[in-house]
Amino acid sequence: MATEIIKVPDIGTSDKVTVVEVSVKVGDVIAEDDTLIVLETDKASMDVPAPMAGKVTKLKIAEGDEIGEGDEILYLEVEKAEAGNASSDSDNASTAPAQKSAEKAEAAPEAPAASGAVKPIEVPDIGTTEAVEIIEVHVSVGDIIAADDAIVTLETDKASMEVPAPEGGEVVSVKVKVGDSVSLGDQLIEIRAAGGSAPAESKPAAPEKAEKAAEPEVPAAAKKVHAPAIVTGDDDELIRPSKPVHAGPAVRLLARELGVDLAQVRGSGPRERILKEDLTAFVKKKMREPERVSAGAGIPAVPDQDFSKFGSIEVKEMGRIQQLTAANMARNWLNIPHVTQFDEADVTDLESFRNSLKPQMEKRGVKISPLAFLVKACAAALHEFPNFNVSLMADGKHIVQKHYVNIGIAVDTPNGLIVPVIKDADKKSIWQIAEEIIDFAQRGRKGQIKSNEMQGGCFTISSLGGLGGTAFTPIVNAPEVAILGVSKNQVKPFWTGKEFVPRTFTPLSLSYDHRAVNGADAAKFTTYVCEALTDLRRILL
Ligand code: CAO
């Protein structure tokens, strides 16, 4: 084993540059060409790769340091053989991205330029003869740009750099788009010169810039960056930063792979530079965010408008439950093919029976509302029709059959809609179910229902019976596949075959996921529930 001192290689400039990222730490075992540090100037960032493999034993620099060619970066413990072959001083540490091209830095030939003449702007000497990818186009037709404004950003494996305008003027055509590969001399844009006696050559290699042109990875600095161009018909546009950002090539590459617009990421590095951790934190946050209320399934969101134009208004924040309900409703409505089956249950005898229980209700201090019987009837129906007690798996190939019967009850609270779950409703008595409904309603309205009490439902009942209405179409509470809406009892004339008699009916509205349940099953299900409510003895069968 030997220790090699890794130094800053020739980076194409004699100026000090900032270390914006230290990509390794003591103890890391690295391979040749792994990025050690990222350097940044005003206009370019570049990775400094390891000239050889080894284990990092000492770091000599930190983020924020200003360093230059020959400065020590770190100590590397390497195999002896490799150490012998490798270069350890700055003179030889030439595997860095920068390749000297001072020989290319002669001033470009002058060409006469009339004020207002259209002239091409070409890719200047960027220190490599290989084609380089355009990752950002900063101008569009009609833009008025100043000398040194960025035209495009180019990126290689190891560096990204902006190409500045050699002079100002109006952009009359854009010859490239994001994703194009360009090399020295390729036309980028055409501009109509701003007037005056601006030099007309398309390369930023005017005599006073000759030195900068010799800095292959650090093209001449632009003072400001123009607004980005809109590039049409290219998917890459979706992930192209929508404003200039500071980020190294590795971070830019990762952002492109993940489809992240770096302009949305807050950089925590020096000068708000975006580090890899910033990108991963951004992606994690996005993954946790609830879906936007109206932007699911690629459907355009309804734009906000200024209602104050029409009268007095007030903007209020939606509560947490309201926000979650809105997101879930939109998700379920967009994902589930809904059908609603309507029916009505003759509850005349049930209501007589329920009324007969009133003395006992008073004695026990528990009021049994029609809902308790509906819970029991639905629990029995889920046993009878197990295909309603399933959840569809996301792979589109499997369903989960549940062997327990938990029924959720929609409860209207001041904070919004909640759905606490009566566990094992099939095994509980009507008294127990009634007690739980009362408890849920009371605690729900005080915001005291715990989240685990709202989990594990197989089927939901949404009762508006105490409020009114004749029917409605409830939205399935995914991952359940059906929900029963209950409306207000109505006394109606019923034809017995001999005469009309007054009977009491409960309107039922069963919405179901048509992927899991077909219409015939839905009709059988509601028929079963109606019969069970008409004659509770059927549940015992
Ligand atoms: N027909 C006629 N009357 C009915 C009835 C029906 N189908 N269902 C209940 N009632 C009566 C009750 O008997 C009670 O009458 P009394 O006051 O004379 O005893 C009255 O209506 C009020 O009942 P309730 O609402 O207190 O009790 P409940 O068991 O029927 O419902 C609960 C409890 C918590 C589900 C209900 O209060 C609630 O919040 N419902 C709203 C659900 C909701 O918002 N759904 C929409 C969800 S979005 O799709």
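**Helix crossing, ring cluster and strand pairing**

The crossing of helices H8 and H10 is right-handed (a crossing counts as right-handed if the near helix is turned clockwise from the far one by less than a right angle, and left-handed if anticlockwise). This is a predicted model, with residues numbered from 1 along each chain as its sequence is written. Local features need pLDDT of at least 70, side-chain atom pairs count only at pLDDT 80 or more, totals for chains, interfaces and linings use all residues, and side-chain values use heavy atoms, with hydrogens and water left out. Helices (H or I, at least four residues) and strands (E, at least two) are DSSP runs, numbered from the N terminus.

Back to the helix pair: the axes of H8 and H10 come within 9 Å and cross at roughly 135°. Axes here are lines fitted to C-alpha atoms, for helices over the stretch in contact, and angles run from 0 to 180 degrees between N-to-C directions. H8 and H10 are therefore oblique to each other (under 35 degrees is roughly parallel, over 145 roughly antiparallel, 65 to 115 roughly perpendicular, and the rest oblique).

Aromatic rings come next. Rings of Phe, Tyr and Trp (its six-membered ring) pair if their centres lie within 6.5 Å; planes under 30 degrees apart are stacked, over 60 edge-to-face, and the rest tilted. That rule gives 7 aromatic pairs. In one of them, Phe385 and Phe525 have ring centres 6.0 Å apart and planes at 55°, so the pair is tilted. Phe385 sits in the loop between helix H8 (370-384) and strand E18 (390-392), while Phe525 belongs to helix H10 (residues 519-534), so this contact ties together parts that are 140 residues apart in sequence. Both Phe385 and Phe525 are buried (under 20% relative accessible area, with exposed over 50% and partly exposed in between; 1.4 Å probe, protein chains only).

Phe525 also pairs with Phe388: the ring centres are 4.2 Å apart and the planes lie at 25°, so this pair is stacked. Again, distant parts of the chain are linked, with Phe388 in the loop between H8 and E18 and Phe525 in helix H10, 137 residues apart. Phe388 has 0% relative accessibility and so counts as buried; Phe525, too, comes out at 0%. Taken together, ring pairs join Phe385, Phe388, Phe459, Phe525 and Tyr528 into a cluster.

On to the strands, where two pair if DSSP finds at least two bridges between them. An open sheet of 4 strands runs in the order E1-E8-E6-E3, with antiparallel pairing. Strand E1 (2-7) and strand E3 (29-30) stand at the edges with a single partner strand each, so one side of each has no neighbour in the sheet. E3 is joined to strand E6 (residues 54-59) by 2 bridges, and Val29 has Lys55 as its bridge partner in E6.

Strand E2 (residues 17-22) is mostly covered, with 5 of its 6 residues buried. E2 pairs antiparallel with strand E7 (residues 66-67) over 2 bridges, Thr18 being partnered by Glu66. Another 4 bridges join E2 to strand E4 (residues 35-40), also antiparallel, and Val22 stands opposite Ile37 there.
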